[in-house]
Amino acid sequence: MLEWFNEHQTLLTWLSVISLVTFVVSLMALPWLVSLIPADYFQHQERQPAPLKKGHPVIRFLMLCGKNLLGLALLCGGILMLFLPGQGLLTIAVGLLLMDYPGKFSLERRIVGHPSILKGLNWLRRKRQQPPIEL
């Protein structure tokens, strides 16, 4: 085992750096992203259209790509944080909230309905002086 660590020292160094960067970025971005969720977002039976959908198609496309890339990065970072230090479940939840995919709204409602996830999201919202998410 010790021999394997010596042979793959560069890989382990890069994994450590990526883990640290993901941890720091998620700690900084997570409270801000959670504070952007409207408090009544989950009270509707169907997802309400975002104001972004009424904008210019090129700007909408660029924003959609950026939002999905950020969501994917948070999802991957959250999965890593399940095994490394960090708020893995909350990061996964926020990543899933950002991305667009079929069945997203029902999955979001199920995930946020979990008591520990809802408690964590509302704790982050309190730190940003935002009202709690209502189910």
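Start with α1 (2-7), the helix that gives the nonpolar patch its largest share, 3 residues. Helices here are DSSP runs of H or I, at least four residues, numbered from the N terminus. This is a predicted model, in which local features need pLDDT of at least 70 and side-chain atom pairs count only at pLDDT 80 or more, while totals for chains, interfaces and linings use all residues. Residues are numbered from 1 along each chain, and side-chain values use heavy atoms, without hydrogens and water.

Select M1, L2, W4, F5, L11 and L15 to show the patch, with about 670 Å² of accessible area together. Both α1 and α2 supply at least two of its residues. Patches take residues with over 30% relative accessible area and no salt bridge, and nonpolar side chains are joined within 5 Å. A salt bridge is a Lys or Arg side-chain nitrogen within 4 Å of a carboxyl oxygen of Asp or Glu.

Now pick W4 in α1. W4 is partly exposed, at 38% relative accessible area; buried means under 20%, exposed over 50%, and partly exposed in between (1.4 Å probe, protein chains only).

Next, select helix α6, residues 115-127. Its buried residues are I117, L118, G120, L121, N122, L124 and R125. Which helices are included in what covers them? Show α2 (9-35), α4 (88-98) and α5 (104-112), which are among the cover. Contact here means heavy atoms within 4.5 Å. After α6 comes Q129, with a positive phi near 55°.

How values were computed
Expected span 1.5 Å × (residues − 1). Patch = residues over 30% accessible without salt bridge, like charges linked within 9 Å, V, L, I, M, F, W, Y side chains within 5 Å. Areas by Shrake-Rupley, 256 points an atom, 1.4 Å probe, with all protein chains shown as cover.
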